[in-house]
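Subject: Structure handover

Hello,

Here is the structure, with the sequence alongside. My notes on what turned up in it follow below.

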Amino acid sequence: MSENPAYPVGLRLTGRRVLVLGGGTVAQRRLPALLAAGADVRLIAPAVTPSVQAMADAGELTWEPRGYRPGDVEGAWYVLVATDDRAVNEAVSAEAEERRVWCVRSDDAAAATAWTPATGRGDGVTVAVLTGHDPRRSAAVRDAVVEGLRDGTLSAPRHRVRRQGVALVGGGPGDPGLITVRGRQLLAEADVVIADRLGPRDLLDELPPHVEVIDAAKIPYGRAMAQQAINDALVEHARAGKFVVRLKGGDPFVFGRGKEEAQALAEAGIAVTVVPGVTSAISVPSAVGIPVTHRGVAHEFTVVSGHVGPEDPRSLVDWKSLAALRGTLVLLMAVERMPVIAEALIRFGRPADTPVAVVQEGTTAAQRRLDATLGTVADRIAREGIRPPAIVVVGDVVAVG
């Protein structure tokens, strides 16, 4: 083979036949990308890994449980050879060469007519890196570029298609490292960011100077920007042709009023993208070592809003039924109402010695954990000065480990 550099090209494989020989771990790694490209994958192998078997069972590819036969390359646009039999690999490669079909060989790159680059995707860009016979270096270069695209440190403005509308982004529980990759990508493209207090505040400092940041902080039991004002701001800036990111804490649809904002935007005819976030109901307990479920301890967990008490006529929660459950209760926005909530749960049958943990400012540098029981938690919260935002976990999982 020539020492000239390989010529890079992007193959559009949608609906086109790709032949894969071998069903081991190499094929297992390569198949997802081929399937994501829309390829019509025909897999030939006497045996396959469980993951490849699952792809075949799901109808994602066609698996023929047998060895290679001359003529198998017929009709293929692209061939991937990944068996551990060199004679088979050479035979397939020779047939592909005869039929002028590009062929990748996992056992001998020098004998192949095509190489699989180290690929990754970020911010709508596919990165493919080839360094000849140094796959580890290829992977390292790919990772550096993709990470930069994902976290916004490596970006280039869009020229042909500029993003528009509004993205409702779940920013996670507070730690900036817990925002999703998709959320970080969209934040890097924003013209306007309307941010909650409970979102990952550290990320705002990384925004370019031209990005307008609007504080929509909803401080519990203090001053707040009315929801209608937030809706109006979203619509106003989007109609001005700006791409707006509504950066919310946790997940937009878990007590985040995200659906109200999405409905307001839809009524105004503005395109909306919803990016799920890591909800504090699960991540904050995890951050202090509490599993919301655990084998032999809890087979269920229930997430409840505690912003109104059990006796409040506005409450939609069946507290009596909750008290009868044996699993874990995760209470959000419940710090101020814990005296009446704890009293109601005990009155309806939950044992007073049920373990309780309260986690304030979870996943942030100010994180603190308070342990109590259902009978003592209200007094402990008052004595220790626990303030929102905090998550309350009720159940035996608190004592696990």
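Arg257 and Glu260 form a salt bridge (a side-chain nitrogen of Lys or Arg within 4 Å of a carboxyl oxygen of Asp or Glu), with their closest N and O atoms 3.1 Å apart. This is a predicted model, in which local features need pLDDT of at least 70 and side-chain atom pairs count only at pLDDT 80 or more, while totals for chains, interfaces and linings use all residues. Residues are numbered from 1 along each chain as its sequence is written, and side-chain values use heavy atoms, with hydrogens and water left out.

Arg257 sits in the loop between strand E11 (244-248) and helix H7 (258-267); helices (H or I, at least four residues) and strands (E, at least two) are DSSP runs, numbered from the N terminus. Arg257 is not a glycine, yet its phi is positive, at about 60°.

The salt bridge count comes to 25.

- Arg383 pairs with Asp379, the closest N and O atoms being 2.8 Å apart. These two residues both lie in helix H11, four residues apart, about one turn of the helix. Arg383 is exposed at 54% relative accessibility, and Asp379 is partly exposed at 44%.
- Arg99 pairs with Glu95 at 3.0 Å, N to O. Arg99 is partly exposed, at 37% relative accessibility, whereas Glu95 is buried, at 8%.

Two backbone points. Glu361 also has a positive phi, about 55°, although it is not a glycine. Glu361 lies in the loop between strand E15 (355-360) and strand E16 (368-373), and is partly exposed at 22% relative accessibility. Pro388 and Pro389 are joined by a cis peptide bond, with omega about 0°; Pro389 belongs to the loop between helix H11 (377-384) and strand E17 (390-394).

What makes up the largest nonpolar core? A nonpolar core is a set of buried Ala, Val, Leu, Ile, Met, Phe, Trp, Tyr and Cys residues joined through side-chain atoms within 4.5 Å. The largest one has 23 residues, of which Leu331, Met338, Leu345, Val358 and Val377 touch the most other members. Two or more residues each come from helix H9 (319-324), strand E14 (328-332), helix H10 (338-347), E15, E16, H11 and E17. H10 gives the largest share, four residues.

As for rings, Arg16 lies over the face of Trp77, at 4.7 Å from the ring centre. Arg347 lies over the face of Phe348, also with 4.7 Å to the ring centre. The rule here is NZ of Lys or CZ of Arg within 6 Å of the ring centre and within 35 degrees of the ring normal.

Finally, Asp215 is in strand E10 (residues 212-215) and is exposed, with a relative accessible area of 51%. Asp215 and Asp196 are 19 residues apart in sequence and 6.6 Å apart in space, C-alpha to C-alpha.

Regards

Conventions
Buried < 20%, exposed > 50% of the residue type's maximum accessible area, 1.4 Å probe, protein only.
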